[in-house]
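Colleague: I am new to reading protein models, and I would like to go through this one feature by feature. Could you take me through it slowly?

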Amino acid sequence: MNILRFITAGNVDDGKSTLIGRLLYDSKSILADQLEALEQQSKNKNDDGIDLAILTDGLRAEREQGITIDVAYRYFATPKRKFIIADAPGHTQYTRNMITGASNSQLIIILVDARNGVTEQTRRHSIIASLLNIPEVVVAVNKMDLVGYAEDTFESIKCEYETVAKRLGLKSVHYFPISAFVGDNIVNTTETMPWYKGTSLLDFLETIEISQNSYKEPRFQVQYVIRPQTEALHDYRGYAGEIISGTYRKGDAIVVLPEGISTKISKIERNGEEVAEAKAGEPVVMHIEDDIDISRGDYFASEKAEPTQSQEVEAIVCWMDKRALKEGNKYLLQQRSRLVKVVVKEIDYKIDVNTLDQQEEVESVKLNEIAKIRIKAAAPLVYDAFTNNPPMGSAILIDETSNATVGAVMIA
């Protein structure tokens, strides 16, 4: 079975954790001892029955305050598919946590409280979904039971969100009227909303086709140089890593970047065995014909279609640090295994999460703000535009003094 990775996002108290709990509970993915502990913890908290949000809110502070603070991951499976769910916090100050959870997601469920409609945080999470190139967006209008299951309320929110989706260029958006607390349209469709003719949310998640990274040009980055230097493997030299995109075959002509040296692949190993070819997503050990000085972070690319190399790039950054980003600030930029010193040359604009307009003449970028910046690197950056090949166009900014991750970067 294939795996679907998705994230739930939305405002505080929109019911993200309850939705995940309902998916696990109604699909019978909770073990007996987990259910017993859940019932006991729910009794200690309230008298309304089982509190399904406790399944994901694992931190003590989360349970005491009834909120989600950190990203919680849950795993479950049905006969049709396996799922990895990221439950992201709804508070504005935890937007950076949401970005972390969304970075590897193939689908995002944006919850909207039927009583409140589209809010600032709805727009913020939609912007992030757009920036991160998440291919499928689900808008789940939750708490329909609190508005009398009114069709016009659902249609009004759908119409309002369609304006946001069009502005952001979100192409594949799906709408569901649900009640996570009651269980309406989560695992099974409900008779309480006869006007809704679609499938249940789980049925949709089981059947939606998610395309993997469709970028065809071969990209591989060295994560580790294997050099045993033992008697049995005296001359062995392999380059281990995961194929980022495309397909590699024995005998392919490649160029090693950023050095720009040409060579050929002499052997490909997967799981300790030699194979004729390997595709995107597979961990392999590459061998080449020539003795070249290759280090962790170097790239193997096709000679026919090399990625871009430049020391100065434009990028969208989601800022994740309390200390503001300003022009002239210096950071470390990490692209998977490659680490390069960079300086912020210019802040082009910030994105207003209410109007989605671009604010120019910006002095700084503060916590949870999103901006377009220009950075200059001490060594050439090897990349494809994030919109074309997300794994090759994504990076993080690291504070040199604290070693903390301060920004999520999408290279234009």
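Modeller: Let us start with a pair of charged side chains: those of Arg374 and Glu346 meet in a salt bridge, at 3.7 Å from N to O. A salt bridge here is a side-chain nitrogen of Lys or Arg within 4 Å of a carboxyl oxygen of Asp or Glu. Arg374 lies in strand E23 and Glu346 in strand E20, so the pair ties together parts that are 28 residues apart in sequence. Salt bridges that share partners also join Glu314, Glu346, Lys372 and Arg374 into one network.

Colleague: What should I keep in mind about the origin of the model and its numbering?

Modeller: The model is predicted, and therefore local features need pLDDT of at least 70 and side-chain atom pairs count only at pLDDT 80 or more, while totals for chains, interfaces and linings use all residues. Residues are numbered from 1 along each chain as its sequence is written, and side-chain values use heavy atoms, with hydrogens and water left out.

Colleague: How many salt bridges does a search of the whole structure find, and which residue does Asp384 meet in one of them?

Modeller: The search finds 15 salt bridges, and in one of them the side chain of Asp384 meets that of Arg219, at 2.9 Å from N to O. Asp384 is in the loop between strand E23 (370-383) and helix H8 (390-393), whereas Arg219 is in strand E7 (residues 219-221), 165 residues apart.

Colleague: Is Asp384 buried or exposed?

Modeller: The terms rest on relative accessible area: buried means under 20%, exposed over 50%, and partly exposed in between, with a 1.4 Å probe and protein chains only. Asp384, at 6% relative accessibility, counts as buried, and Arg219, at 1%, counts as buried too.

Colleague: Which residue does Asp357 meet in a salt bridge?

Modeller: The side chain of Asp357 meets that of Arg167, at 2.8 Å from N to O. This pair also links distant parts of the chain, with Asp357 in the loop between strands E20 (338-351) and E21 (358-359) and Arg167 in helix H6 (residues 151-168), 190 residues apart. Asp357 is partly exposed at 38% relative accessibility, and Arg167 is partly exposed at 48%.

Colleague: How should I read strands that lie side by side, and which strands are joined to E3?

Modeller: Two strands pair if DSSP finds at least two bridges between them. Strand E1 (residues 3-10) is joined to E3 by six bridges, and the two run parallel, with Phe6 opposite Ile85 in E3. Strand E2 (residues 72-77) is likewise joined to E3 by six bridges, but these two run antiparallel, with Phe76 opposite Phe83 in E3. E2 and E3 form a hairpin with four residues between them.

Colleague: Why is strand E3 described as largely enclosed?

Modeller: Five of the six residues of E3 (residues 82-87) are buried, so the strand is largely enclosed by the rest of the structure.

Colleague: And how is the packing of two helices described?

Modeller: Two packed helices are described by the angle between their axes and the distance between the axes. Axes are lines fitted to C-alpha atoms, for helices over the stretch in contact, and angles run from 0 to 180 degrees between N-to-C directions. Here the axes of H4 (residues 95-102) and H5 (residues 120-131) come within 11 Å and cross at roughly 35°.
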